[in-house]
Amino acid sequence: MSTFNLIKAAFTQPTLLIEGRKKKGFHVFLYMILLSIILSLPVVFQSMDILSSIKEDGDKIVQKLPEFSIEDGKILTDKKDSGFIYQTNSMIFTFDPEGKRSKNEVEADSVGGVMTIALLKNEAVIVMPTTGSTADMLDSNSFSLPYTATQMRIINKEFLNKMLTGDSQGMLLFVFVLLISAFMIFVSFLVDLIMMTFFANIFVRTRMIRLKFSEVFKILVYCATIPSLLTMALQFIWPSFPIGSIALALTLLIYFNIFPKPTRPNRKNKK
């Protein structure tokens, strides 16, 4: 059964979602990525309200930044005591090549609807704003990027200047926040699905249904179709509503109802 037909079945004939157990792991993985992107859209658009004010802040941040580069997994700069913290009502930017601050201290600084970007000595830390849909959908709103990753070597003053003040800033930041949000939600989504699989696996065993743990997991992924779309829609309309837990419960409810209910033997009244 194709992925398209499984999506269609989620709306028209949920009992067919049991066919999801036959899908290859790679296809299930790609579908999880798609659902994660869908779930991240409210977070992205909510964050864009904050990012729209970054251009003015970006000019000031770039002016304070010294020339620096990433080498051997660390920030290197010739200027001593060049670290600083720039804070506004919408964001906190930390530059700390000397290693005076830790990730925990950066996370403690970020409260409410403030986006935090920190270039620490050995890693970059991004903390998404924790308001509305972000707070409800992300188990953790903090994301670390170690400089040992090959992709991080491109970070320098010129790169930040283009990202924070360039004409293509809006699109760059949109893609950047989308990727970060989707990754964080994917991890949270994966953990939730694994936890639900344990409960769902117990359910099928009580029904004497033979399904492997991996098959139960695959079925749950496709059962999450409607809850994911519902979550996205409600977070746009009602950002403060805690839909996350309800979506998990709805996923399990759909899963429980795709299996036939056990029939009870008729009892004849004794005369």
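The chain exposes about 15200 Å², of which carbon and sulfur atoms supply 60%; accessible areas come from the Shrake-Rupley method with a 1.4 Å probe, and for residues only the protein chains shown count as cover. The model is predicted: local features need pLDDT of at least 70, side-chain atom pairs count only at pLDDT 80 or more, and totals for chains, interfaces and linings use all residues. Residues are numbered from 1 along each chain as its sequence is written, and side-chain values use heavy atoms, with hydrogens and water left out.

**Overall make-up**
- The chain has 10 helices and 7 strands, taken as DSSP runs (helices H or I, at least four residues; strands E, at least two) numbered from the N terminus.
- Of the 271 residues, 44% count as buried (under 20% relative accessible area; exposed is over 50%, partly exposed in between; 1.4 Å probe, protein chains only).
- Among contacts (heavy atoms within 4.5 Å) with a separation of 6 or more, 64% are between residues 24 or more positions apart.

**Burial of strand β5**
- Strand β5 covers residues 115-119; 5 of its 5 residues are buried, so the rest of the structure largely encloses β5.
- In a regular strand, side chains alternate between the two faces of the sheet.
- Both faces of β5 are covered, with M115, I117 and L119 buried on one side and T116 and A118 buried on the other.

**Pairing of β5**
- Strands pair if DSSP finds at least two bridges between them.
- Strand β4 (residues 91-95) runs parallel to β5, joined by 5 bridges, and I92 stands opposite T116.
- Strand β6 (residues 123-127) runs antiparallel to β5, joined by 4 bridges, and I126 is the bridge partner of I117.
- A hairpin of 3 residues joins β5 to β6.
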